[in-house]
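Here are a few notes to read beside the model. Please keep the structure open as you go through the points.

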Amino acid sequence: MFMDLFKSKKSTTVPPEVDLYNTETRSLESFKPLSQKSVTIYTCGPTVYDYAHIGNLRAYVFSDILKRTLMIHDYEVKHTINLTDFGHLTDDSDAGEDKMMKGLKREGLPVTLAAMRQLSDTYIEAFYDDMDSLRIMSPTTWSRASDYVKEQINLIETLEAKGFTYETSDGVYFDIQKFPRYGRLGNIDLEQLKSGARVEVNNEKRHPADFAVWKKGLLGWDSRWGKGFPGWHVECSAMAMATLGNEIDIHTGGIDHIAVHHNAEIAQSECVTEKTFSRYWMHCAFLTIDSAKIAKSQGNSITLRHLVDRGFSGDDYRYYLLTAHYRSTVNFTWEALAAAKQALYRLKRFVYEDYEQKASKPDEGYVTKFKQCLANDLDTPGTIALLWEVTKDEKLDDKTKCATIQYFDSILDVGLRESVSEGKKTLGILSNDQIPEEIKELIARREAARIARNWPEADLAREALNLKGYSVEDTPYGPKVSKV
Ligand code: AMP
Ligand code: ZN
């Protein structure tokens with residue numbers, strides 16, 4: 001059903017162009033892909049040494065909306081998300097602890113490549129579960145860094161052969177001064193960086209912004225520079241090129257990747273191919289907690305599992321994220337998440353109870369407005385406002401309302417397209433055949449008492465229902481029974 005919606009007949013109105021904010025030009029641009037019909041997207045994936053926190057997950061809900069927006073505008077999308085299973089230090093540049101080593105220590109595992117693989121297997125599975133809970137579409141390729149070591153070594157060798165690198169006692173570094181456009185993303189001032197640099201930890205580096213493309217060490221793979229790992233930035237250049245080609249349309253990530261990681265990716269890739277690596281760079285703003293960065297060390301690293309433990313679903317969290325624009329910082333609060341959950345619950349009731357999913361066609365006017373919102377740099381708050389407008393529009397009949405909301409849900413994907421019985425189940429509302437006879441009798445007794453305006457008797461029947469673990473609520477469509 002999902003894909004069918006994307007292949008829906010073209011509307012008679014010309015679809016709007018898709019405008020996207022490009023970090024590189026710092027402006028909204030009308031999207032023009034390299035090829036007419038198909039678009040390539042590369043998304044920087046998680047470092048799989050631990051559960052992803054809810055901030056990380058925002059980055060993938062964002063890329064999912066981007067992808068679906070392009071699909072609904074009739075593009076085919078080829079998408080890669082990588083899985084970093086080695087080599088990412090706690091600092092994006094060459095400082096800090098290696099995250100995978102941190103994971104090995106935490107779990108009491110030996111420092112071997114096999115143990116690293118085992119550790120990442122666990123967290124890759126956990127990450128896939130998060131993706132499913134958030135209804136994030138699978139990319140065309142999940143590329144795992146340790147499966148692409150050969151490609152990474154080839155890339156470093158090419159850079160070396162072209163004279164862009166130099167070797168030191170601890171690794172091989174990219175010489176940013178050989179790439180005059182280094183730092184163009186985010187307009188990094190390299191001179192300032194140089195004068196403001198701390199006393200270099202590594203005094204063999206020619207410039208403080210030079211970054212490691214190979215790290216020598218006791219653990220890792222064999223190469224002409226000895227045993228070690230490719231530097232973290234290398235994996236994304238190598239895997240983007242291996243899975244999507246030398247030139248890609250869109251590269252995404254969180255804003256923390258702009259200054260170092262993505263500038264490094266550009267430098268490596270463009271020095272190898274002499275082509276523009278990615279035409280559009282898109283970044284989502286941070287999710288913060290108490291206006292602070294999310295980090296284990298801050299004790300505020302909330303995961304999707306924590307949300308589920310508190311009674312929230314992946315749909316609730318996805319809906320919550322979509323109420324904000326991807327370029328706005330979101331300060332997470334439990335209260336705001338609870339409000340999102342309540343709003344989504346109301347929408348589900350509209351669909352599964354009031355409208356009962358009677359098949360019909362979505363309203364063309366609303367479909368056009370919906371697409372326009374998305375084409376305006378993925379304005380998801382606008383689409384949510386539109387969704388509520390549909391529920392309140394007296395000019396639309398129930399069937400059309402339901403079909404329109406479900407059309408919106410092909411992009412928003414917050415659980416509004418289940419079958420009626422499944423949908424009711426998520427609401428905890430029981431259909432007639434799921435209600436035991438004795439409960440039906442109590443409901444009938446209460447109804448009869450209400451009709452006779454015998455309120456004490458009606459209250460008694462309600463209490464008896466509650467004692468048996470059921471609740472009843474009066475709606476314009478009759479009593480609704482749920483299990484409590
Ligand atoms: P990492 O596993 O650290 O490489 O991060 C995975 C993705 O999450 C990257 O795209 C980061 O930019 C993004 N990210 C990290 N923290 C946050 C946050 N608090 N809010 C939004 N995105 C984030
Ligand atoms: Zn990356």
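1. The largest pocket holds about 930 Å³ of space. A pocket here is an open set of points on a 1 Å grid over the protein atoms alone, where a 1.4 Å probe fits, with protein on both sides within 12 Å along at least five of seven lines. The model is predicted, with local features needing pLDDT of at least 70 and side-chain atom pairs pLDDT 80 or more, while totals for chains, interfaces and linings use all residues. Residues are numbered from 1 along each chain as its sequence is written, ligands are numbered from 1 in the order written, and side-chain values use heavy atoms, without hydrogens or water.

2. Who lines this pocket? There are 38 lining residues (an atom within 4 Å of a point), and H53, N56, K99, D256 and I294 lie nearest the centre. Two or more residues each come from α2, α3 (99-106), α4 (113-133) and β10 (248-254). Helix α2 contributes the most, with five.

3. Now look at the zinc ion (ligand 2): its protein donors (N, O and S atoms within 2.8 Å of the metal) are C44 (SG), C236 (SG) and H261 (NE2), 2.1 to 2.2 Å away. C44 sits in the loop between β3 (38-43) and α2 (54-72), and H261 in helix α8 (residues 258-273), 217 residues apart. Water is not among the atoms, so the site may look incomplete.

4. Are C44 and H261 buried or exposed? C44 is buried at 5% relative accessible area, and H261 is buried at 0%; buried means under 20% with a 1.4 Å probe, protein chains only.

Technical notes: Donors = N, O, S within 2.8 Å, 3.2 Å for Na, K, Ca; no water. Helix = DSSP H or I, 4+ residues; strand = E, 2+ residues; numbered from the N terminus. Buried < 20%, exposed > 50% of the residue type's maximum accessible area, 1.4 Å probe, protein only. Points joined across faces, edges and corners; volume = space filled by probe spheres on them.
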